[in-house]
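My notes follow in the order I made them.

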Amino acid sequence: MKVMFIGDIVGNVGRLALRKALPALRGKYNPDVIIVNGENAAAGRGITAAIAKEFFDWGVNGITMGNHTWDNKDIFEWIDDEPRLVRPANFSSEAPGIGSSVIKVGSKKLGILNLQGRTFLPPNDCPFRTADAHLERLNKETNCVLVDFHAEATSEKIAMGWYLDGRASIVVGTHTHVQTNDDRILPEGTAFLTDVGMTGPMNGILGMEQDAVLHKFLTGLPARFVVAEGDWHLHGVMATLDEASGRSLRLEKIRLTETSLAMF
Ligand SMILES: [Fe+2]
Ligand SMILES: [Fe+2]
């Protein structure tokens, strides 16, 4: 099974990047399943039903989220009716939505699990123990599972990679919006990358306009961040899984810019 995962889609520029790049990515990698992180899809803050529908119409099969899950109140209207979208599983048990799901595409079944880190992020339940419980349930349906660990600290993400080695097919990080260069297959067959990176404006600061972010750093005063404009870049990974065992055979990073798409 070939699984493509694309990192945090930021605002209208990120959505444009996804729409423009998907045909070329499909042509080159021929993925069976495409999962994207959508926590910043609506102007950098959360996601709406209209945006999720657009993603599914473009061929996305599943959406993961993160700390911005609840930023756009539109989500409360539909999250409980959309099993293709998962939010961090270690949120409060009172929170709407689900933390894991099995995505079915033809005869392929991919479990997706979203978790959020606790280092430099609001307190949540233990992501490690939460992973144990969800994997046990997902593994009753499929050996192939992708984990999106939405976390700030590289140490926490690498720890999760080792913790789940041999139990999840793919463990990738999101949230920092910067792709790391440590892609590898761990000894027991888990494809791992500390952070996938983001999809959106390449000349902003993590996708936001430079001016407001710089103002905040220089003055310490609050500032309203808006999604930057201009050229985009897209970051993701492509993993090839052995379906019977759930082990990853291959992991490749994807980094695409508006300019490189033309030469793709
Ligand atoms: Fe993000
Ligand atoms: Fe985030």
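I took as donors N, O and S atoms within 2.8 Å of the metal (3.2 Å for Na, K and Ca); water is not among the atoms, so sites may look incomplete. This is a predicted model, in which local features need pLDDT of at least 70 and side-chain atom pairs pLDDT 80 or more, while totals for chains, interfaces and linings use all residues. Residues are numbered from 1 along each chain as written, chains are lettered from A and ligands numbered from 1 in the order written, and side-chain values use heavy atoms, without hydrogens and water.

Which residue coordinates both iron ions, ligand 1 and ligand 2? I found that Glu-39 does, and that the ions are 3.5 Å apart. Glu-39 sits in the loop between strand E2 (33-37) and helix H2 (49-57), and His-177 in the loop between strand E8 (170-174) and strand E9 (184-185), 138 residues apart. Helices (H or I, at least four residues) and strands (E, at least two) are DSSP runs numbered from the N terminus. Glu-39 and His-177 are both buried, meaning under 20% relative accessible area, with exposed over 50% and partly exposed in between (1.4 Å probe, protein chains only).

Next I counted five aromatic pairs. Rings of Phe, Tyr and Trp (its six-membered ring) pair with centres within 6.5 Å; planes under 30 degrees apart are stacked, over 60 edge-to-face, the rest tilted. Phe-55 and Trp-58 have ring centres 5.8 Å apart and planes at 45°, so I logged the pair as tilted. Phe-55 is buried at 0% relative accessibility, whereas Trp-58 is partly exposed at 21%. Phe-128 and Phe-149 are edge-to-face, 6.4 Å centre to centre with 70° between the planes. Phe-128 lies in helix H3 (residues 127-138) and Phe-149 in strand E7 (residues 145-150), so this pair ties together parts 21 residues apart in sequence. I also listed one aromatic cluster of Trp-70, Phe-76 and Phe-91.
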